[in-house]
Amino acid sequence: MIILKNVLKKYNNDDVISYNDLKIDRGDFISIIGPSGSGKSTLIDLIAKLKTCSSGEITIFDKSINAYDDKRSIQLFRKEIGIMSSSSSLLSVLNIQDNILLPLIIHDENIINSNFEHIISKLNLKNLLDKTSADLSSGERQRVLLARAMVLKPKILIADEPTANLDLYNSKQLVNFLRYLNDELKTTIIVATHDDIVSSISKRIYELEK
Ligand SMILES: Nc1ncnc2c1ncn2[C@@H]1O[C@H](COP(=O)(O)OP(=O)(O)O)[C@@H](O)[C@H]1O
Ligand SMILES: [Mg+2]
């Protein structure tokens, strides 16, 4: 489903991050771990097509990530892959419900075919829908970002430190949701995390070294 081959990322300041080859199958749940600065977020952004590799190749759904280059195929890519990256944020001018529904508008999808109702109940978001992001705690905001990433029922979820800044209760709630996505919806999950609760429920660990 996702293949990394000889992937290297160079930044302008001559930082070079090289990634071991990796094959992620449908239904996998993989935790990317490693010390701060080892390249976890960079890898998330590469797979999410938010950054490009300096060399090597990433293949997703049997197609090179670089081949998703026209409007139609990029749209398909975005629809099939839910992203919760370190740069994901909520729009302050929309209420929480509309923030979660935003992907439906972008992709011209009907709420009836979406995962909206189901996700709202699973993530316990009913009471937040009329609020705005300024009214939420960080735990609530993380749950909303996850809901938005999953509302189009993507085949793959890519998340960067989804439990960062959360207390134990909120982390466990979020982790239970990841487990549900992987077990019940068969969502393929890739998370960068330094949270043992997350890595302990994943099926595989991909470790980066500094
Ligand atoms: N936009 C950027 N420009 C230059 N260097 C970057 C940029 N983003 C990340 N880096 C560098 O790449 C390395 C890996 O960073 P990152 O992927 O954020 O690691 P992690 O998420 O594991 O903490 C670090 O040395 C960081 O300084
Ligand atoms: Mg990071």
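This is a predicted model: local features need pLDDT of at least 70, side-chain atom pairs count only at pLDDT 80 or more; totals for chains, interfaces and linings use all residues.

Modeller: What follows is a quick tour, from the overall build to a few single residues.

Colleague: How many helices and strands are in the chain?
Modeller: The chain has seven helices and 10 strands. Helices (H or I, at least four residues) and strands (E, at least two) are DSSP runs, numbered from the N terminus. The radius of gyration is 17 Å, close to the 17 Å from the globule rule for 210 residues, so the chain is as compact as a globular protein of that length. That radius is taken over C-alpha atoms, and the rule is 2.2 Å times the number of residues to the power 0.38.

Colleague: And what does the C-alpha trace span along its principal axes?
Modeller: About 45 × 40 × 35 Å.

Colleague: What share of the residues count as buried?
Modeller: Of the 210 residues, 35% do. Buried means 20 or more other C-beta atoms within 10 Å of a residue's own, exposed means 12 or fewer, and partly exposed is in between, with C-beta atoms placed from the backbone.

Colleague: OK, ligand 1. Which residues are around it?
Modeller: Y11, N13, D15, I17, G34, S36, G37, S38, G39, K40, S41 and T42. To make that list, a residue's C-beta atom, placed from the backbone, has to lie within 6 Å of the ligand.

Colleague: How do the residues of that shell divide into nonpolar, polar and charged?
Modeller: Two are nonpolar, eight polar and two charged. Here Ala, Val, Leu, Ile, Met, Phe, Trp, Tyr, Cys and Pro count as nonpolar, Asp, Glu, Lys and Arg as charged, and the others, Gly among them, as polar.

Colleague: Where does the largest share of the shell come from?
Modeller: From helix α1 (residues 40-47), which supplies three residues.

Colleague: Tell me about α1, then. What's buried in it?
Modeller: K40, T42, L43, I44, D45, L46 and I47 are buried, making seven of its eight residues. Their cover includes β1 (2-10), β2 (16-18), β4, β5 (55-60), β8 and β9. Just after α1, K49 takes a positive phi of about 60 degrees.

Colleague: Which residues touch the most other members in the largest nonpolar core?
Modeller: I47, A147 and I158, in a core of 51 residues. Helix α5 gives the most to this core, with six residues. A nonpolar core is a set of buried Ala, Val, Leu, Ile, Met, Phe, Trp, Tyr and Cys residues joined through C-beta atoms within 7 Å.

Colleague: What is I158 in contact with?
Modeller: Leaving aside neighbours within four places in sequence, I158 contacts I44, I47, A48, I81, I83 and I190. A contact means that two C-beta atoms, placed from the backbone, lie within 7 Å.

Colleague: Switching to β9: why is it largely enclosed?
Modeller: Five of the five residues of β9 (residues 188-192) are buried, so the rest of the structure largely encloses this strand. T188, I190 and A192 are buried on one side, and I189 and V191 on the other. In a regular strand, side chains alternate between the two faces of the sheet.

Colleague: Which strands does it join up with?
Modeller: Strand β4 (residues 29-33) runs parallel to β9 with four bridges, and I32 stands opposite A192. Strand β8 (residues 156-160) also runs parallel to β9, with five bridges, and there L157 stands opposite I189. Strands pair if DSSP finds at least two bridges between them.

Colleague: What about helix α3, what does its buried part pack against?
Modeller: Its buried residues pack against α4 (116-122) and α5 (138-150). In α3 (residues 96-106), those are I96, N99, I100 and L101.

Colleague: Last one: is K186 buried or exposed?
Modeller: With 10 C-beta neighbours inside 10 Å, K186 counts as exposed. K186 sits in the loop between α6 and β9, and has a positive phi of about 60 degrees although it is not a glycine. Most residues other than glycine have a negative phi.

Key
Residues are numbered from 1 along each chain as its sequence is written. Chains are lettered from A and ligands numbered from 1 in the order in which they are written.
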